[in-house]
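Please read the following explanation with the model open beside it. It moves from one local feature to the wider arrangement of the chains.

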Amino acid sequence: MRAFAPGQDGLNIPDVQRAVARESGRIPMRPALVRTAASAVTVGSGGAAGSEGPVAVLGSTIASALGRAFRFDPARTKVLVAAGAAAGISAAFNAPLAGAFFALEEILGSLAVGAFPPVVVASVVAAVVSHSFLGNNPAFPIPEEYGYALQREVLVFYPFLGIVSGLVAALFVKTFFGTEEFCRTLRLHPAVLALLGGALVGALVLLSGGLLVGHGHFAVHLDLFGGMSWTSLALLAVGSILATSITLGAGGSGGVFTPSLFVGAATGGAFGVALAGLLPDLNLRPEAYALVGMGAVVGAATSAPITGILLVFEMTNDYEIVLPLMLTTVIANLVARRIEPDSLYSGWLRRRGERLEQGADRDVLAGLKVRDAFDPAPHVVGSTASLDLLLAHLGRGAYTDLPVVDDERRLIGIITLADLGRLAGNRDTPAATVAADVATPAESVTPADSLLEAIRRMGVRGTPSIPVVDRSTGRLLGLVTRAGVLGLYERTVATGEHRTFT
Amino acid sequence: MPRLYSLWDRFADWFNRLGLSENTILLGFAVGIGLASALGVVAFYYLIDLAYWILYLTPAVYLTQSGFLAYRPLLTGVGLTVA
């Protein structure tokens with residue numbers, strides 16, 4: 001990976017999200033192909049990583065290459081990239097609905113009606129083609145028999161499973177990024193780190209009797225979970241979290257979606273077995289809890305609850321399971337986000353300086369920079385300006401905020417029109433008052449910040465504008481106003497540079 | 001090669017001049033992307049199974065049980081290093 005695609009530590013699902021949000025759907029071909037091969041070696045040699053990341057990237061990369069080859073505009077390319085991700089997930093999990101909604105929920109970040117038809121078509125075509133090669137089998141072989149005996153289980157027991165699943169999902173996210181951070185602090189040569197990490201994972205897999213990973217691309221049969229004790233299943237869940245975190249933290253290649261499914265199945269299974277032991281007369285089936293836990297943990301860990309629900313629904317082809325599945329997954333997602341705001345995907349991006357926002361307007365604002373919208377020559381006052389001079393500014397200039405600067409044009413603070421009005425109306429104001437006495441500390445932005453960030457910071461103090469400064473020197477570079485932001489936003493939308501499908 | 005690029009450019013220009021509707025283009029390409037992605041996934045799965053066969057199943061035949069116990073962690077370590 002390092003030899004053939006230097007500088008590319010990612011190219012996984014978060015990279016596709018970033019490519020769609022920031023780079024007009026442009027995904028480089030070579031790193032994606034190299035990552036696919038690296039993932040095959042990681043998974044084939046017993047690493048605890050998922051195959052969904054590489055396949056989604058593969059589909060997206062094919063779509064991106066086509067979009068570039070035909071010189072399509074960014075909006076069209078982005079939809080095709082999402083269609084490629086949907087196709088990859090659909091083919092890998094034999095789940096066309098989940099694939100389509102994964103693309104809309106995770107890649108495009110909105111359930112846009114205009115993008116729905118191509119995403120669905122790609123997903124269905126991929127599922128049909130993969131059936132003919134791989135057979136009509138779900139990604140995780142599910143138990144022959146399961147089911148919940150009592151309707152009251154849905155409202156009495158499954159909400160608790162939702163809470164447990166949310167806690168486990170949050171633990172997964174925290175462990176995953178904690179391990180990544182720990183591996184970085186070790187400062188080992190990448191090859192040595194991978195060797196040690198891999199050996200540790202191999203030992204964990206041995207201790208689990210091989211249950212932590214599947215056989216080749218086949219996953220572990222969930223029937224096994226029904227006959228295990230709840231402590232063994234709980235240990236499997238923790239072991240899978242550790243093994244996946246170490247595999248990917250130490251330099252392995254692969255996804256986190258499939259391991260999340262496994263962790264969820266083990267968590268749900270442990271919960272079900274424990275409950276069945278406590279209440280033997282109710283004839284509870286732990287396998288049903290394992291299936292529901294699977295959807296709940298994957299939905300909460302990746303912050304894609306719709307995908308989690310649909311994936312398990314498509315695996316089981318059972319409408320009955322949808323009721324507990326929906327309730328449990330939603331509760332798990334709420335609990336997980338309460339404890340850990342990041343998902344496995346958004347956390348990966350945030351740790352690399354990216355914060356993707358969901359929604360078309362936010363996408364546009366997040367893609368525009370302060371440097372394109374600020375006025376470099378606003379009306380400013382010196383910090384020693386007298387009261388009379390300050391009051392002379394009333395009614396002058398185009399803005400209602402006056403930045404106050406020192407002799408070297410470093411920002412001291414800001415005086416608003418309301419401040420000046422108060423000064424004019426207050427006869428007790430000492431004549432020796434200067435601008436620096438009146439100025440209040442102000443939020444500021446840099447030219448490289450996004451307009452979304454500028455709008456956010458204006459919202460902190462409810463001001464109509466915000467100073468732009470050079471962060472290293474503190475010098476004022478200009479002023480960006482809400483009107484300036486809106487003007488650039490409207491021009492951008494009108495020219496179609498950030499056309500989005502709604 | 002430059003001649004090939006030039007031919008492709010002419011083809012892309014011709015395609016973009018056809019004036020096909022947005023839905024036609026998106027749906028047509030979605031079919032192709034679905035097909036290509038699925039084939040990519042199938043190839044990827046065969047690649048995983050090939051790696052599993054070479055790295056795991058074949059050595060398991062020749063190694064003793066204790067040798068295999070030592071081999072498994074080593075294999076994953078080497079696998080991650082190679083990846």
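Which residue in β5(A) is the bridge partner of Ile466(A)? The bridge partner is Val480(A). Before going further, note that this is a predicted model, in which local features need pLDDT of at least 70, side-chain atom pairs count only at pLDDT 80 or more, and totals for chains, interfaces and linings use all residues. Residues are numbered from 1 along each chain as its sequence is written, while chains are lettered from A and ligands numbered from 1 in the order in which they are written.

Strand β4 (residues 465-469) of chain A pairs with β5(A) in the antiparallel sense over five bridges, where two strands pair if DSSP finds at least two bridges between them. Strands here are DSSP runs of E with at least two residues, and helices are runs of H or I with at least four, both numbered from the N terminus. The hairpin of β4(A) and β5(A) has six residues between the strands, and Gly474(A) takes a positive phi near 80° there. Strand β5 (residues 476-481) of chain A is largely enclosed by the rest of the structure, because five of its six residues are buried. A residue is buried if 20 or more other C-beta atoms, placed from the backbone, lie within 10 Å of its own, exposed if 12 or fewer do, and partly exposed in between.

Taken as a whole, the secondary structure of chain A comes to 22 helices and five strands, and 54% of its 502 residues count as buried. An automatic or database domain assignment divides chain A into domain 1 (13-138), domain 2 (152-350) and domain 3 (361-495), and the C-alpha centres of domain 1 and domain 3 of chain A lie 44 Å apart. Ala366(A), placed in helix α17 (residues 360-367) of chain A, is 345 residues from Ala21(A) in sequence and 8.6 Å from it in space, C-alpha to C-alpha. Ala366(A) counts as buried because it has 20 C-beta neighbours inside 10 Å.

The contact between the chains takes 63 residues from chain A and 41 residues from chain B, residues being in contact if their C-beta atoms, placed from the backbone, lie within 7 Å. On the side of chain A that touches chain B, the largest share, 12 residues, comes from α9(A). The residues of that side divide into 39 nonpolar, 22 polar and two charged, with Ala, Val, Leu, Ile, Met, Phe, Trp, Tyr, Cys and Pro counted as nonpolar, Asp, Glu, Lys and Arg as charged, and the others, Gly among them, as polar. Among the buried residues of α9(A) are Ala194(A), Gly198(A) and Val205(A), and the helix is followed by Gly209(A), whose phi is positive, near 70°.

Two loop residues of chain A deserve a separate look. Asn94(A), in the loop between α4 and α5 (96-108) of chain A, has a positive phi near 55° although it is a residue other than glycine. Ser303(A), in the loop between α13 (286-301) and α14 (305-316) of chain A, has a positive phi of about 55° and is not a glycine.

Note on methods. Contact = placed C-beta atoms within 7 Å.
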